[in-house]
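Below are my notes on the model, as numbered points.

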Amino acid sequence: MYGGGYLFEKTSPDLLKEEDQEKLAAFEARIDRGEKIEPHDWMPKLYRQQLIRMIEQHAHSEIIGALPEGTWITRAPGFKRKLGLMAKVQDEVGHAQLLYSAAETLGKSREQMIDDLINGRSKYSNIFNYPAYTWADSCFISWLVDAGAIVNQVANSKGSYGPYCRALERICIEESFHLKFGHHCVTYLATGTPRQRQMMQEALNRWWYPMLMFFGPPDKISAHTEILMRWKVKILSNDETRQQWLDMYVPKIWELGLTIPDDKLRKNEETGKWEFTQPDWEEFKQVINGNGPCNKERLAVRRMAEKRGEWVRRAILVKASNKKYVTPLA
Ligand code: COA
């Protein structure tokens, strides 16, 4: 457990000392007025760096997030669920494309981002480094992980950087379909036979603490929240999104007769806040730094996909004038 220190090196506002102070003040005034910042507008270096870091990590999470669910497409029970899951996984990969495009407007190429992902230089969401052993694990992701993503992204879609906000608006609309699909799948298991209920309960037990970590470390040890909220890149803090998700989904989980694996979980009616057992933040640090249960496997699959797709990219990028390689869609 972390004492008082930050989880990573804290982003220091001192980095802004070298910026043109007049431009910085005008930039911040625009943000305070609720204006959107667009790619060709002036922005502090730190704003650009932070956005690239966050959007890129988000894009990678969508790509890697497709893997645990993707393995369940052929094994999903029934044709309709196979179709639903296939559409969902396809959407997630599409979200990554929207996000990579948004990050590219800030000056980092897609090739560099993918290279950083497959070589372990970039982070992606902790949660996708855990295994989806059963169909119920896949159902948990579809419902409750996507619900967490929606809480975070609906808030951030009201943020300051135009291209990211527009991508998030579109993503959230598609995510709301995923949420319905996931809720249907979890409800079916949770109200099914004793074996189905047990399977869903076991999945909930496995995913509960990684899910609490999904929203990021507590505000008091979060490295970037302060600067990101000052610039309205993040609209809610990590603790606020975690609380919002607990508020919306704990009652729904209880309604299904499932047991949340935390005796201390309760809503403090005086403060209006949920109290819960903290997840193991040391485990979190290990997982996001490449040492989780599935990190190596996830990156190995991405490296393989990158290699296998190389000829397709080469064929598409070849000059249209070279008729020999023109694709059917060209
Ligand atoms: N998984 C992996 N890494 C995480 C994480 C998570 N759930 N939460 C935090 N981290 C990492 C941060 O990236 C940062 O590492 P870095 O400095 O090497 O980049 C470090 O932990 C400290 O966290 P914090 O200061 O709180 O980071 P943050 O202010 O960027 O907040 C998020 C973390 C995830 C809340 C924020 O980046 C975010 O809202 N991202 C966009 C949405 C997204 O990516 N969702 C996940 C997939 S749907």
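1. Lys123 places a polar side-chain atom 2.6 Å from an oxygen atom of the ligand. The ligand taken alone exposes 890 Å², of which the protein buries 93%; accessible areas come from the Shrake-Rupley method with a 1.4 Å probe, and for residues only the protein chains shown count as cover.

2. On provenance: this is a predicted model, in which local features need pLDDT of at least 70 and side-chain atom pairs count only at pLDDT 80 or more, while totals for chains, interfaces and linings use all residues. Residues are numbered from 1 along each chain as its sequence is written, and side-chain values use heavy atoms, with hydrogens and water left out.

3. The ligand is surrounded by 29 residues, the closest being Lys123, Asn152, Ser222, His224 and Lys234; a residue is near a molecule or strand if one of its heavy atoms lies within 4 Å of it. Helix α2 contributes the most to this shell, with five residues. Helices (H or I, at least four residues) and strands (E, at least two) are DSSP runs, numbered from the N terminus.

4. How many disulfides does the structure hold? The count is zero, a disulfide being a pair of cysteine sulfur atoms within 2.5 Å. For Cys139, which is in no disulfide, the nearest cysteine sulfur is that of Cys185, 4.5 Å away. The sulfur of Cys294 is too far for a bond, because the closest cysteine sulfur, in Cys139, is 18 Å from it. Cys139 is buried at 1% relative accessible area, and Cys294 is buried at 5%. Buried means under 20% relative accessible area, exposed over 50%, and partly exposed in between (1.4 Å probe, protein chains only).

5. Phe79, in helix α3 (residues 79-104), is exposed, with a relative accessible area of 62%.

6. Leu189 belongs to helix α6 (residues 162-190) and is buried, at 4% relative accessibility. Between Leu189 and Leu256 there are 9.6 Å in space, C-alpha to C-alpha, and the two are 67 residues apart in sequence.

How values were computed: Polar contact = N/O pair within 3.5 Å; in protein donor to acceptor, adjacent residues only side chain to side chain.
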